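Subject: Structure handover

Dear colleague,

I am passing on the structure below, with some notes on what turned up in it. Please read them with the model open.

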Amino acid sequence: MAPEKVLLPPFQALVDEHWRDVARLARALAGPVDGDDVAQRAWEKAFAAYPGLSSAKNLRSWLLTITARCATDLHRARKPQRPLDEAPPVAVEGPDAADWPDPDLWQAVNELPERQRFAITLKYVGDLDHHGVAAALDTTPAASRRLVSDALAALRSKLGVNA
């Protein structure tokens with residue numbers, strides 16, 4: 001008996017519905033400079049995997065998981081680089097961190113350990129529940145709760161906010 005074929009919406013409908021979420025999460029995890037590249041890579045991976053999906057449930061979480069993993073891949077691929085001597089400054093387009101709603105908060109988020117930073121970003125920027133965060137980080141929902149809790153505690157301490 002052959003497996004039942006899953007009826008998926010056209011891929012363009014998925015893009016139309018979720019492109020803002022993917023772009024926002026990619027920028028939050030990879031920064032304003034690399035965020036667009038991470039989002040593009042996530043869409044490429046999603047497009048390649050889309051025909052083979054076995055379920056059409058929670059496609060948004062599936063996309064955000066792919067986006068988080070693409071951001072992780074970007075961070076892991078980076079090697080420490082030495083600055084070039086006498087190199088001219090490079091102009092980079094994109095929002096300045098000072099233009100973000102709360103630059104102190106985002107600076108503190110950027111200083112968190114990688115897994116805490118990804119967990120809190122997935123939870124509050126990606127609007128995923130702990131099951132979605134756990135799936136994106138390849139961990140358990142309990143571990144996801146702990147990562148988010150530890151990240152919030154670190155941010156409160158760094159920013160001098162009492163809970």
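Ring pairs link F11, W43, F47, Y50 and W62 into a cluster, where rings of Phe, Tyr and Trp (its six-membered ring) pair if their centres lie within 6.5 Å, and planes under 30 degrees apart count as stacked, over 60 as edge-to-face and the rest as tilted. This is a predicted model, in which local features need pLDDT of at least 70 and side-chain atom pairs count only at pLDDT 80 or more, while totals for chains, interfaces and linings use all residues. Residues are numbered from 1 along each chain as its sequence is written, and side-chain values use heavy atoms, with hydrogens and water left out.

A search of the whole structure finds 4 aromatic pairs. For F11 and Y50 the ring centres are 5.2 Å apart and the planes are at 70°, so this pair is edge-to-face. It joins distant parts of the chain, with F11 in helix α1 and Y50 in the loop between α1 and α2 (59–77), 39 residues apart; helices here are DSSP runs (H or I, at least four residues), numbered from the N terminus. Y50 is buried, with a relative accessible area of 7%, where buried means under 20%, exposed over 50% and partly exposed in between (1.4 Å probe, protein chains only). Y50 also forms a tilted pair with W62, at 6.2 Å centre to centre and 40° between the planes.

Elsewhere, D21 is found in helix α1 (residues 11–49) and, at 18% relative accessibility, counts as buried. Leaving aside residues up to four places away in sequence, D21 touches R60 and L64, contact meaning heavy atoms within 4.5 Å.

Best wishes

Notes
Helix = DSSP H or I, 4+ residues; strand = E, 2+ residues; numbered from the N terminus.
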